[in-house]
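I opened this model to look up the ligand site and the charged pairs. My entries follow.

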Amino acid sequence: MSAPTPPTAELHLHVEGTIEAELLVRLADRDGLPLPSRDTDVLRERYEHFADLQSFLDVYYANLAVLRTEEDFHDLATGYLDRARAAGVRRAEVFVDPQTHVDRGVPLEAVIRGLSSAFSAAEETHGVSAAMILCFLRDLGPEAAEEILRAALPFREHFIGVGLDSAEVGYPPSLFTRVYAMAASEGLHRVAHAGEEGGPEYVREALDLLRVERVDHGIRAMEDPELVARLREERIPLTVCPLSNVALRAVDALPDHPLRRMLDEGLVATVNSDDPAYFGGYVDENYRAVARDLGLDRARLAQLARNSVDATFAPEEDKRRWRAEIADWAG
Ligand code: HPA
Ligand code: ZN
């Protein structure tokens with residue numbers, strides 16, 4: 001009996017969004033830090049009700065106070081990768097927001113080394129392949145983004161690319177043209193959140209000015225038929241996060257989610273969990289939710305999984321192996 005959800009890659013996952021309430025308490029106890037409550041049920045309550053992206057970000061950034069040491073970052077990533085393995089994840093390209101940690105006084109080296117050692121251990125013990133993408137916080141502006149990229153370059157071997165996240169509207173991709181050109185000149189991959197709360201023009205700017213290879217979220221591209229045609233023709237992957245979109249009210253309810261239309265349009269859409277501790281599920285739970293509420297059958301789920309593998313920055317030989325596993329799963 002094969003798993004109900006396919007082997008997959010996960011390409012839109014913020015490691016900071018995987019702090020479950022239990023880990024929050026464990027890290028706060030270990031580092032002797034205060035929390036609004038030590039009761040995991042009370043903490044979880046705060047995780048569940050968001051009006052929009054900003055109201056989520058307020059809780060998400062506050063909870064990061066418990067991440068202080070290299071060991072904390074290692075344990076955070078290990079917890080995610082254990083859960084991801086159970087979800088069928090073969091490859092994870094994991095976002096981290098270094099600016100928020102450095103601005104709290106955590107050394108950049110602790111962040112990067114803590115995550116990187118967890119990634120290596122997961123690969124050795126479980127065969128899960130993981131790679132790091134450093135995200136710029138768009139609301140801190142382009143100079144701060146350039147500063148963190150320069151600070152991270154001594155650790156260049158530990159990350160494969162750059163991304164752009166945090167509050168979207170009012171911080172268009174165009175602001176970050178120069179830092180993305182710097183990243184490209186270092187041979188780094190480029191992705192960006194666009195079209196989650198911002199409109200189709202954010203997606204166009206990410207493509208034209210930042211030269212991104214994937215668009216994170218991108219659901220509002222569906223409002224613009226010319227853009228949809230371009231995304232299809234250029235085979236630009238979109239890292240869609242269905243449960244996140246409902247939790248942050250980008251979409252009213254899962255049955256209204258555009259994912260099915262995206263597949264019907266021939267887009268390289270993928271399924272991901274974004275911030276699974278906050279949005280009600282890991283990637284397998286996202287697959288199950290879209291299967292149920294959008295009526296996606298096994299063939300459609302396998303298509304989503306194949307798209308995710310096509311969209312990774314992993315070596316071709318790994319992709320071939322994962323595609324074969326998906327074909328087996330599809331039967
Ligand atoms: N959108 C933008 N920024 C983020 C998100 C998101 O869904 N999660 C963590 N940072
Ligand atoms: Zn995200």
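Which residues are around ligand 1? I found His14, Leu53, Phe56, Leu57, Tyr60, Asp165, Ser166, His193, Glu196, His217, Asp274 and Asp275, counting a residue if one of its heavy atoms lies within 4 Å of the ligand.

The model is predicted, with local features needing pLDDT of at least 70 and side-chain atom pairs pLDDT 80 or more, while totals for chains, interfaces and linings use all residues. Residues are numbered from 1 along each chain as written, chains are lettered from A and ligands numbered from 1 in written order, and side-chain values use heavy atoms, without hydrogens and water.

I sorted the shell by class: four nonpolar, four polar and four charged residues. Here Asp, Glu, Lys and Arg are charged, Ala, Val, Leu, Ile, Met, Phe, Trp, Tyr, Cys and Pro nonpolar, and the others polar.

I then looked up polar contacts (N or O atoms within 3.5 Å). A polar side-chain atom of Asp275 is 2.7 Å from a nitrogen atom of ligand 1, and one of Glu196 is 2.9 Å from a nitrogen atom of the ligand. Ser166 uses a backbone N or O atom, 2.8 Å from a ligand nitrogen. The protein covers 100% of the 260 Å² of accessible area that ligand 1 has on its own (Shrake-Rupley method, 1.4 Å probe).

Last, I counted 27 salt bridges, each a side-chain nitrogen of Lys or Arg within 4 Å of a carboxyl oxygen of Asp or Glu. One joins Arg178 and Glu146, with closest N and O atoms 2.9 Å apart.

Conventions
Polar contact = N/O pair within 3.5 Å; in protein donor to acceptor, adjacent residues only side chain to side chain.
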